[in-house]
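My entries below follow the order in which I looked things up.

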Amino acid sequence: MAKKQPGAVLPKLTETEQDLIWHMEHGYQLETDSLGGDPVLRRMKDEVVRPVSANRNTVKALEERGLISSGKSRDPLTIAWHIKTKAKK
């Protein structure tokens with residue numbers, strides 16, 4: 001019988017991290033300033049949501065866990081973040 005390979009185990013996420021990932025999975029784009037602070041969730045239809053409890057450390061933790069990656073933005077002083085995988089709750 002062939003051995004089963006274990007699936008990717010996602011680290012425990014805080015409520016704030018889960019909220020950011022959920023919004024990114026549902027059409028929002030996470031944007032921060034060039035230093036990674038002041039996170040904003042933006043929908044393409046000019047809808048902007050400022051997550052109350054999210055901060056620079058939240059974004060940094062998601063990046064370190066490999067759940068999001070930085071990308072280019074239309075503004076040179078803004079970082080647009082993209083989700084890497086579908087996170088499971």
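Predicted model: local features only at pLDDT ≥ 70, side-chain atom pairs only at ≥ 80, totals over all residues.

I began at the end of helix α1, where G27 follows with a positive phi, near 95 degrees. Helices here are DSSP runs of H or I with at least four residues, strands are runs of E with at least two, and both are numbered from the N terminus. Residues are numbered from 1 along each chain as its sequence is written, and side-chain values use heavy atoms, with hydrogens and water left out.

**Entry: helix α1.** Which residues of α1 are buried? I found T16, E17, L20, I21, H23 and M24; buried means under 20% relative accessible area, exposed over 50% and partly exposed in between, with a 1.4 Å probe and protein chains only. Seen down the axis of α1, these buried residues fall within an arc of 160 degrees, so they line one face of the helix. The arc is taken from the directions that lead from the helix axis to the C-beta atoms. Their cover includes β1, β2, α2, β4 and β5.

**Entry: the whole chain.** I then stepped back and listed 2 helices and 5 strands, which run α-β-β-β-α-β-β from the N terminus on. Of the 89 residues in the protein chain, 34% are buried.

**Entry: the sheet.** In what order do the strands lie? I read β3-β2-β1-β5-β4, an open sheet of 5 strands with antiparallel pairing; two strands pair if DSSP finds at least two bridges between them. At the edges are β3 (47–49) and β4 (68–71), each pairing on one side only. From one strand to the next, the twist averages 35 degrees.

I went through some pairs one by one:
- β1 (residues 29–33) and β2 (residues 40–43) are joined antiparallel by 3 bridges, and E31 stands opposite V40 in β2.
- β1 also pairs with β5, antiparallel, over 4 bridges; here T32 stands opposite I79.
- β4 and β5 run antiparallel with 4 bridges, and S70 has W81 of β5 as its bridge partner. These two strands form a hairpin with 6 residues between them.

**Entry: helices over the sheet.** Helix α1 (residues 15–25) lies across β1, β2, β4 and β5 (78–83), at about 85 degrees to β5. Helix α2 (residues 56–64) lies across β1, β4 and β5, at about 105 degrees to β4.

**Entry: the core.** In soluble globular proteins, nonpolar side chains tend to be buried together. I looked for a nonpolar core, a set of buried Ala, Val, Leu, Ile, Met, Phe, Trp, Tyr and Cys residues joined through side-chain atoms within 4.5 Å. The largest has 14 residues, and L20, M24, L30, L41, L62, I68 and W81 have the most contacts inside it. At least two residues each come from α1, α2 and β5, and α1 gives the most, with 3.

Definitions and conventions. Axes fitted to C-alpha atoms, helices over the stretch in contact; angles between N-to-C directions. Contact = heavy atoms within 4.5 Å.
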